[in-house]
Amino acid sequence: MLCFLIFNVIRGDTAQVIGGIWVSPEQIETLRGQMGLNNNIFIRYFDWLGNFIKGNAGISYSFRGESVSSLILQRLPVTLTLSLLSLFFIIIISFSFSLLTVKKEGGIIDTIANFLTAAGISTPGFFLGLLFIFIFGFIFKIFVPGNFINYSENFFGFLGYLIFPALAIAIPSSAILIKFLRSSLFTELQSDYARTARSKGANRFYVLFHHVLKNSLLPAITMLGMIIAEVFSGSIIIEQVFSIPGIGRLLIAAINSRDYPLIQALMIYCSSLVVIANMLADIALMFIDPRIRIAKDIR
């Protein structure tokens, strides 16, 4: 509802944007009537909502009358593949880096790790994307910038093109997750049960993998749920930088042309992913930490 109201109160006329500057006022008024823009804003909202509940997301204003559902379904495999690849890199980078660098808090390795994570958090994804294009596209010529390969033509070429965009998304998110996970690992390593296990003769890595890691995952999984929601919602800027025809570029095109039915559907897609990702994170926490299940049963 808020999204619908915001895009309807800002300046600009959708009919004028679609019709162009050479269309007469009479033609613009006719177009507004055909699009239902002359109706009351609340009538338009409830008309749209009723159709959406029935499974009809409407017709796009700017894509030659194509249905909103078909437009999203055409681009959804690209964004989902990019998101899954980014998530794979996030998990591999963050967990391996955190476990390998947790040796001594305040030591040289810890200082270097803190510097790298701070650099990763501070570096925007679009800058990494431009850097990858310059280094690996223009200098080493590993891929051709802007030459997107469709998955229907060459699936492995499609995956190869998405590697660097996925890394541009993954590195800043990995740095955030590393910060949370390393802090949790250091805290758990100093706890009583970890010291007791070490006093009984267990080495540091045995204690880390068999005792500490499971308890350290709790704050990391909460943060991972937020990262998953962000990644799967579509990295708009990265898709623009690498010319990837995904959900992000579709959303930008819809906003520029004031394509309200398409914007509404994409906003629901993004917000639903946020809800689902956080729900899955809560479910994962219940399986990992029995105390959460016990507290739930007590309530």
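The side chain of Ser-83 reaches the backbone oxygen of Val-231 at 3.1 Å. Ser-83 counts as buried because its relative accessibility is 2%, buried being under 20% relative accessible area with a 1.4 Å probe and protein chains only. Ser-83 lies in helix α5, which covers residues 68-101.

A word on the basis: this is a predicted model, in which local features need pLDDT of at least 70 and side-chain atom pairs count only at pLDDT 80 or more, while totals for chains, interfaces and linings use all residues. Residues are numbered from 1 along each chain as its sequence is written, and side-chain values use heavy atoms, with hydrogens and water left out.

Turning to the whole chain, there are 14 helices and zero strands, helices being DSSP runs of H or I with at least four residues and strands runs of E with at least two, numbered from the N terminus. The C-alpha trace spans about 85 × 60 × 35 Å along its principal axes. The radius of gyration, taken over C-alpha atoms, is 24 Å, whereas a compact globule of 299 residues would have a value near 19 Å, by the rule of 2.2 Å times the number of residues to the power 0.38.

Of the 299 residues in the chain, 41% are buried. Finally, among contacts between residues at least 6 apart in sequence, 71% join residues at least 24 apart.

Note on methods
Buried means under 20% relative accessible area, exposed over 50%, partly exposed in between (1.4 Å probe, protein chains only). Contact means heavy atoms within 4.5 Å. A polar contact is a pair of N or O atoms within 3.5 Å; within protein, one must be able to donate a hydrogen and the other to accept it, and residues adjacent in sequence count only if both atoms are side-chain atoms.
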